[in-house]
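Open the structure in your viewer and get your selection tool ready.

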Amino acid sequence: MTDTLTSGKPGPRRAPWWVRLLGGLLGPWLRLRIEPADEVAALAADPRPLCFVLERYGLSGTLILERACRQAGLPSPLTPLPGDPLGRRRAYFGLSRRRGFWFGRPRTRTHSESLANLLARQREQPELDLQLVPVSIFVGRAPDRQSGWFSVLFSENWELVGRFRRALSILLNGRHTIVQFATPVPLRAAIAEQLTPERTLRKLSRVLRVHFARIRAAVIGPDLSHRRLLVDKVLATASVRQAIADQARRDNKPVEEAWRKAHAMAWEIAADYSHPVVRSLSFVLTPFWNRVYAGVEVHHLDRLKDIAPGHEVVYVPSHRSHMDYLLLSYLLYANGIVPPHIVAGVNLDMPVIGTILRKGGAFYIRRSIRGSALYSAVLGEYVALLVADGFSLEYFIEGGRSRTGRLLQPKAGMLAMTVRGFLRQPRRPIVFQPVYLGYEKLMEGKSYLDELSGRPKQKETIWALIRGTIAALRENHGRVAVSFGEPIRLDEVLAAHAPDWRQRAVDGEDRPKWLGEAMDDLAARIQVNINRSANVNPINLLALTVLSAPRHAMAEADLLELLALYKRLLVAIPYSQRITVTRMEPLQIIEYGESMGILQRTAHPLGDVLSMDEQTAVLQTYYRNNVLHLFTAAAWIACCFQNNRRMNRDSVLRLGRALYPFVQAELFLPWTPVEYEQRVQATIDLFVGEGLLTFDAGSGYLGRGPGQTDEVFRLRTIAHSLQQAFERYFIAVSVLVKNGPRTLSVGELETQCQMTAQRLSLLYADTAPEFFDKSLFRGFINQLRETGVVKTDGNGKLDFGEQLEAWAKDAKIILGRELRNTILRIAPESARAPTPVAP
């Protein structure tokens, strides 16, 4: 005869003596991190009876669960449920148990007898509202610098370890134990589906097993095969076998030789992920970060934790430094998220270092795969295998590190491989996670400056790495910010371009138009969302202000006011909800800049002057460029009043709309033209409120003050950040117009624009290092073609009409007469006659 339910949660009951004894012995070796806080609070307030479910039976698991419940204010798992349906005076059970006493092998049953008993009791007593609470326990997940090297060998993994190994794991790593409580599963709802008892039991058991596997994969990573097995799987795929046969036929050599070549390629590519090595790296990197950086700020990580379980996450960070690889993986691991497999250039596959990185999850690819169908097939199948098996990935769609501080134009090669792998086997939904990494001082800053000055890039070697590391340990690199942007769901992007994408097969090297458009859209969304999660640090603000001043020097009072103005702009008209801004006040920012060696103070009776020396100023353009996109509307308005005292408000909006597609493409801005116009309107109103501009509602004209007033000085400072971008645009337009239609090809125009910009930088000082960057001219020219302002004729020459010539005339609004005339005078003219128009 069964007992009846008399109350909800049982009252407090003292734990058995053996639990108190063993718990006391285990206590000094345990320190629990209980997650998530909101779920635990909800469980504590839930009046219904709770039954905890562990992935495995085990004495240590029981003791840890009992302690976690006690710390969190939850009912003890050693207190029987109402009516004691489990029959063993307890409120927990496990899905798997071990045979034997000490040396039995693990086994996982097809179902749990305890779960069957609970379901039977729920059927007999429909009023009983039992809640199953899955609890995941991970011992030794995040050691700190006090952890010993030996402890990494006994960290959490996918193996069902024995009692002796589990005891060692707790002794060595128990102070870093994570206990995760999941949302309760109501048994009443399972019974309400009206399945047969056996089917209900099987279904609920499967749901629990999948849940535990998903949480374990999110915390410590998927269950990994050996590197050799991964390579064998790649070589056994149909596409690689066909590529091997084609290679043998092209080389006129035996298939076995082509197979060995493919095997060498796969072996060169494949990661060899090792949990002990990852834990060892976390052990080593903790003191390294503490020595090199003053702190690491992490923003919006909690939102990533919400979506990671059940999804394959592809991390797509900005690429500023070699530290990006290590820093992101370290932070994910330290916060309970599995580090991703990272795409790295084969140039990093150096002796010793390459092996360590490979065991940390890096897999290596060549800079270019064009011309090698075999390599392309091997790499594509390897990526498809990772995608199908649910591994998280990380790669930089910019292709390389930014030498200017701007986001580079994306390269969609890895995106395409990822998406093709998903389309072949869409097992788990994919989300792309943009990540913004912001530094206050880059380790590679001086080498970037050398490269922009024309010096060749230095080859990465182990000795160069050692020298760089030693040098880095001697310097203060400030703080680093890692900010997680708005995730992008792949299925939503695909549906926007092909609503029936699940029914469309994409095989082999097929490149349907809709897929190419989806890849371009996805790449653009990633870059936009990286920019929407930017962190504005003190160095960014100092670079914005001081670099705009003549001779890179500014009175302290002016600098204080400008810093405050920039912060007010960011708060009053926020760029996005994920933008973060330093909490330092203007005076604290200046003091911080001096402590970092960026600002130099010169005392003067009329007020101190703060300045940057020449080399520092050039390096600081990098940090200014990190946040240029945040001030585009403000900079555009300010530019309009550099050479104009008065201007019609509608003209400011009209010209802003015309230029917006080009600024948007260069800086990856998120707004539609209508949204951008609204932002310009709001910024105008703010400028009027700040006293920077006046507005006559009757005439519709905006105006600025005369001469060298403080307000004019502030407008000039704000305008400076984008002034050179507009100068580059005018250079390209001027060179085209001067040479005439159907005269220059795209490549010739790029070269002539670069030469004009280089010449201009020699005549006028204070140009940024990227002022004559050919890739920026290329982006502007491509945008001219996409908008239809410029077209390519049958001979590959650029043709244009009156619209471009009208733009050249509009340049007088934002560029001074002397600068316009200089550009027109030095712009080269092609020596060749224009190509005649075909009859």
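Start by selecting L659, W807, D810, A811 and I814: of the 16 residues that line the largest cavity, these lie nearest its centre. Here a cavity is a set of points, on a 1 Å grid over the protein atoms alone, where a 1.4 Å probe fits but cannot get out, and lining residues have an atom within 4 Å of a point. You are looking at a predicted model, where local features need pLDDT of at least 70 and side-chain atom pairs count only at pLDDT 80 or more, while totals for chains, interfaces and linings use all residues. Residues are numbered from 1 along each chain as its sequence is written, and side-chain values use heavy atoms, without hydrogens and water.

The space at this first stop comes to about 230 Å³, a volume being the space filled by probe spheres set on the grid points, which are joined across faces, edges and corners.

Next, colour helix 26 (649-667), helix 28 (710-739) and helix 31 (802-810), each of which supplies at least two lining residues of the largest cavity. Helices are DSSP runs of H or I with at least four residues, strands are runs of E with at least two, and both are numbered from the N terminus. Which helix gives the most to this lining? Helix 28 does, with four residues.

Now move to the second largest cavity, with about 140 Å³ of space. Select A217, A218, H311, V338 and S392, the closest to its centre among 17 lining residues. Helix 7 (197-220) and strand 10 (312-317) each supply at least two residues of the lining of this second largest cavity.

Conventions. On a 1 Å grid over the protein atoms alone, a cavity is a set of points where a 1.4 Å probe fits but cannot get out, and a pocket is an open set with protein on both sides within 12 Å along at least five of seven lines; lining residues have an atom within 4 Å of a point.
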